[in-house]
There are 2 protein chains.
Amino acid sequence: MKRPTIADIAARAGVSKVAVSYALNGQPGVSEATRARIVAIAEEIGWRPNSAARALNGARADCVGLALCRPARILGVEPFFMELISGIEGVLADRSYALLLQVVTDHQQESEVYRRWWGESRIDGAFLVDLHTSDTRVGELERLGMPVVVIGHPSESGSLSSIWSDDGQAVRETVGYLVALGHRRIARVAGLPELVHTAVRDRAFAEACQGVAEPVTVHTDYTGEEGARATRRLLSSPDRPTAIIYDNDIMAVAGLSVAQEMRVEVPRDLSVVAWDDSPLSQVVRPPLTALTRDIPAYGAHAAQRLLALIAGESVPPYEDQAAALTPRGSTGPAPAWMSRS
Amino acid sequence: MKRPTIADIAARAGVSKVAVSYALNGQPGVSEATRARIVAIAEEIGWRPNSAARALNGARADCVGLALCRPARILGVEPFFMELISGIEGVLADRSYALLLQVVTDHQQESEVYRRWWGESRIDGAFLVDLHTSDTRVGELERLGMPVVVIGHPSESGSLSSIWSDDGQAVRETVGYLVALGHRRIARVAGLPELVHTAVRDRAFAEACQGVAEPVTVHTDYTGEEGARATRRLLSSPDRPTAIIYDNDIMAVAGLSVAQEMRVEVPRDLSVVAWDDSPLSQVVRPPLTALTRDIPAYGAHAAQRLLALIAGESVPPYEDQAAALTPRGSTGPAPAWMSRS
DNA sequence: TAGACCTGGTTACCCGGTTCAGAGAGGAAG
DNA sequence: CTTCCTCTCTGAACCGGGTAACCAGGTCTA
């Protein structure tokens, strides 16, 4: 049971291969009657174009690539990537584009994967995520000449097209809110320091606190364990913070547990803010005040841009909506003892 | 800057295309000296085989497919799939296999995606997950004649190869443990009832409780909200359960919050068990007793089997390790008032 | 009535790599 | 000195589509 080809259809319809090709691609050159006959036969024998044969003629691969360079244990925990992927998928599926995915262990391997996929014409373009400061991948991808959309800050994307959201804005909004509530010692449990968006948040955080609050930033690897450890250390310090901003929700939840374990009541003694909202933020007690972003939409925009790029359009950097603060039960006025200190 | 082809290499080396093909594929038919020269040139100009051209000759696509049929919001929350995928990736990456991923909205679309990928010879095989009772996809895939590994119970996999783990065993172990702790009213907040593994757990749960405890099962859609609602209802009933088993960890965490909100202390008044362990289970307070499975390993085994199947080997159904109970702080002896009831 | 122009179809060749049937060259055996 | 074999290497065909160029016949226009 071989796969049917256009030659089979041509034989059945009593026309040449070319007529079949034109008919099935909606090109002019065949009568409507013949076209209908050919389409009916194709339908009947379940013909599908062989993507390899098409690709050979320089056609699109109808596929884009994404290599993820994070350890599996973090990937599994952070909803961010799955949400991003499902957003990307939503757009790709409409255009029958597929997503080629590979988990890699380091940047060198990641560049190699992209080079291979592109070299083998398996993909028409790719996404680049988790930008590092002075990222080697940017240069490599620029050299390939492949359409790429960087999901990250344009300042580090070189000549590649990028999509980003203003994390600084979100930081300022959050700090402003906490300061208004009377908080003067605010800590941030941040993610990996080598990531560009961590650096952006770090800087914005320091600036936003300038003159109104004492900022403390602790870097972690995004896992709950490190989030818990950082929280324990922060809450044990003599001038402990009255508010903590966590760079993801899993760490915020971990921090919340540590606070409970240390008899620090949230939000009475400590306010907690989580970056990136997920159902998780809402099921814990108290529900977490969170920086909400529509991540699937973010992915969808990135996908649209990549497809436009592949179609040959020029795509300027695009700033997506910044995360917005969604106040819930985990934040409140700074504790009274603050004034005494 | 066109991609180099074997013709370019042939021209440079002063030999025919055929010699180049043989040389680069390690086939006999060229002298070692020529081979070395050709390989060196290929290396130098950065040649990569065009996968399309290879596929055209009936070669493998070096790619397998996975279509996920779950709403995005659930995908993002459940670590299961990301962990499964990273396990699959680990094996695929070693053999330079890629994973083609698509999120679909229903089974019909899913079958269509597989049919297209296979028809277009984009993939050499696929995984099938989230089996339903009397699943239409099984028949469709059998008809395609494509190598498929079903991640689910063999009884519903038809003639397709399958990999599964004995959820019944895990249920029995958990119920036995709870009964030994004195629990007599045990509830289960289960997942989607149409999924085969939910049905398997349902049955095993009913059987395990036979004669030793009163089982109650509530079905949900795996989200925290429904988990919370189910918990609220269970804890409000006059003969409320003293232990609840949740089908995933997000619902268990939600349930834990509901218990706290209702002043039901865990584990004093209520024991909680989560199915599938994740860092999340360990960061909440108290840490959750969980049914631990090595999901990445599960995915890895599935991938190995699929590759074997593609290689033409016959692959019998494979039973992976059952989930093992990892007791933590959320389970304890049944409350004293139990004896009065 | 001749030339230009559509219509519906064909032939020929390309894409990049694989495979198969030989063709020379060189060496060993008879 | 043949004959035969082996080792290298090549030309041609092929995989399944796409595309350019062309051609026969009918229609329109000058």
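Predicted model: local features only at pLDDT ≥ 70, side-chain atom pairs only at ≥ 80, totals over all residues.

Me: Why are α2(B) and α3(B) called roughly perpendicular to each other?

Reply: Their axes cross at roughly 90° and come within 9 Å. Angles from 65 to 115 degrees count as roughly perpendicular, so α2(B) and α3(B) get that label.

Me: What makes up the contact between α2(B) and α3(B)?

Reply: From α2(B), which spans residues 17-24, you get B:A19, B:V20, B:A23 and B:L24. They meet B:T34, B:R35, B:I38, B:V39 and B:A42 in α3(B). By class, that contact has seven nonpolar, one polar and one charged residues.

Me: How do you know that β2 of chain A and β2(B) pair?

Reply: Two strands pair if there are at least two bridges between them. These two have three bridges, in the antiparallel sense, so they count as a pair.

Me: How many residues does each chain bring to the contact between chains A and B?

Reply: Chain B gives 50 residues and chain A gives 50 residues. On the side of chain B that touches chain A, the largest share comes from α6(B), with seven residues. By class, that side has 27 nonpolar, 14 polar and nine charged residues.

Me: Which residues come nearest to DNA strand C?

Reply: Of the 22 residues around DNA strand C, the nearest are A:S16, B:T5, B:I6, B:S21 and B:A53. The surface there has 10 nonpolar, 10 polar and two charged residues. α2 of chain A, plus α2 and α4 of chain B, each supply at least two residues of that surface.

How values were computed: Residues numbered from 1 in each chain as written. Chains lettered and ligands numbered in written order. Axes fitted to C-alpha atoms, helices over the stretch in contact; angles between N-to-C directions. Helix = DSSP H or I, 4+ residues; strand = E, 2+ residues; numbered from the N terminus. Parallel < 35°, antiparallel > 145°, perpendicular 65-115°, else oblique. Contact = placed C-beta atoms within 7 Å. Nonpolar A, V, L, I, M, F, W, Y, C, P; charged D, E, K, R; others polar. Near = placed C-beta within 6 Å.
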